[in-house]
Amino acid sequence: MERDVRTRKTPRLSTALLTGVLLSACATGPSRSGRTPRRGFRLDTETAAHLRHANALGTTTSLSSASVRATATVTRLAPLLLVFLRSDEQADALQQRLIDCARQADQRINAEHFGDREPTREECGEELSLDGCDEPITRAMHLGRQKHAFALACAREVLERLWPAPFSIEQRYRYYRNAAFLETISQEQERRLIEQGCTRELWRTIKPDVVLHPDANRLKAVLILDFKFPCPSTNTPSWKHYGKTSAYDGLTQGEVYQEALGGEALLLSPRGLIR
């Protein structure tokens with residue numbers, strides 16, 4: 001798919017960030033050295049030239065790892081989006097619509113349960129039931145699932161209108177870090193394994209909420225997004241940290257997503273975007 005890339009209204013990109021993106025995007029596959037590379041897709045010469053030109057037009061700035069304001073452009077954190085979106089304004093529109101999905105989900109689900117107020121910390125921590133492994137299901141978890149369902153349905157509608165390439169919603173992957181090997185798991189296979197109680201087969205898997213792909217290859221990403229709905233809302237949205245019982249001990253969800261799929265991974269909450 002060939003698309004015109006405009007550079008007159010290009011966001012200011014960090015030289016270090018742009019260099020890192022270009023290097024990772026030019027990676028052709030897994031290394032045999034034993035280290036697990038960050039997967040990516042190859043940029044053609046023209047695209048790389050556009051991004052270098054974009055960097056030359058902007059002033060060098062350092063990017064904070066803190067929350068990104070809703071008015072900031074997502075292309076400052078994921079500059080490769082400009083390869084697929086015609087302008088920075090289109091990227092801003094996409095970002096704002098997705099943030100709106102998170103805010104609407106948060107407001108509507110809270111309103112259904114609590115009227116015109118938000119849940120308290122005590123209400124968020126209340127245990128409602130037990131799952132199949134006798135682990136408690138808290139009100140925060142229950143609300144989070146409902147908000148995710150609403151936000152993902154909203155995000156699908158937004159992406160169908162504003163994202164020009166393929167995307168995935170809740171696609172499960174099996175990722176072998178040592179071999180740098182990634183494969184998709186179909187919804188039918190996932191459902192069958194869960195119904196059969198074969199959750200061990202899902203142990204080495206990841207399931208990001210939204211993945212924006214560069215093309216029909218669902219194993220590569222331009223941008224990965226995960227919705228987070230802290231309960232109470234005063235809690236800071238954060239990536240899950242994998243523990244010793246996980247295949248990804250010591251890493252966060254975002255780090256594994258980026259390593260496996262190659263794109264930038266960001267959190268999406270009612271507050272906005274967070275790295």
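# Close-up views of a predicted model

View 1. L212 touches L81, L94, L159, W163, P166, F167, K220, A221, V222 and L223, leaving out residues up to four places away in sequence. Keep in mind for every view here that this is a predicted model. L212 also belongs to the largest nonpolar core, a set of 35 residues, where L81, W163, L212 and F227 are the ones with the most contacts inside the core. Who contributes to this core? At least two residues each come from α3 (88-114), α5 (139-162), β4 (167-169), β8 (210-212), β9 and β10. Helix α3 gives the largest share, with seven residues. There is also a second, separate core of 18 residues, and Y175, Y248, L251 and I274 are included in it. As a bit of background, nonpolar side chains tend to be buried together in soluble globular proteins.

**View 2. Strand β10, wrapped up on both faces.** Look at residues 264-269, which make up strand β10. How many of the six residues are buried? Six of the six are, so the strand is largely enclosed by the rest of the structure. In a regular strand, side chains alternate between the two faces of the sheet. In β10, one side carries E264, L266 and L268, the other A265, L267 and S269, and all of these are buried.

**View 3. The partners of β10.** On one hand there is strand β9 (residues 223-227), which pairs with β10 in the parallel sense over five bridges. Here D226 is the residue that stands opposite L267 of β10. Getting from β10 to β11 takes a hairpin through two residues.

**View 4. L225, tucked into β9.** This leucine lies in strand β9. Is L225 buried or exposed? With a relative accessible area of 3%, L225 is buried. Setting aside neighbours within four places in sequence, its contacts are L98, D209, V210, L266, L268 and L273. Take L98 from that list: L98 and L225 are 127 residues apart along the chain, yet their C-alpha atoms are separated by 9.8 Å.

View 5. Strand β5 (residues 172-176) is joined to β7 by two bridges. One of the residue pairs to look for is R174 with its bridge partner T205 in β7.

**View 6. The link between C101 and C154.** The structure holds two disulfides, and this view shows the one formed by C101 and C154, with sulfur atoms 2.0 Å apart. The torsion about the S-S bond is about -70°, so this disulfide is left-handed. Where do the two cysteines sit? C101 is in helix α3 and C154 in helix α5, 53 residues apart, which makes this a link between distant parts of the chain. C101 is buried at 0% relative accessibility. C154 counts as buried as well, with a relative accessible area of 16%.

**View 7. The link between C124 and C231.** A disulfide joins these two cysteines, with an S to S distance of 1.9 Å. This link is left-handed, with -75° about the S-S bond. Distant parts of the chain are brought together here: C124 is in helix α4 (residues 121-125) and C231 is in the loop between β9 and α7, 107 residues apart. C124 counts as buried at 3% relative accessibility, and C231 counts as buried at 14%. Counting bonded cysteines along the chain, the disulfides of the protein follow the pattern 1-3, 2-4.

Notes. Residues are numbered from 1 along each chain as its sequence is written. This is a predicted model: local features need pLDDT of at least 70, side-chain atom pairs count only at pLDDT 80 or more; totals for chains, interfaces and linings use all residues. Side-chain values use heavy atoms; hydrogens and water are left out. Buried means under 20% relative accessible area, exposed over 50%, partly exposed in between (1.4 Å probe, protein chains only). Helices (H or I, at least four residues) and strands (E, at least two) are DSSP runs, numbered from the N terminus. Two strands pair if DSSP finds at least two bridges between them. A nonpolar core is a set of buried Ala, Val, Leu, Ile, Met, Phe, Trp, Tyr and Cys residues joined through side-chain atoms within 4.5 Å. Contact means heavy atoms within 4.5 Å. A disulfide is a pair of cysteine sulfur atoms within 2.5 Å.
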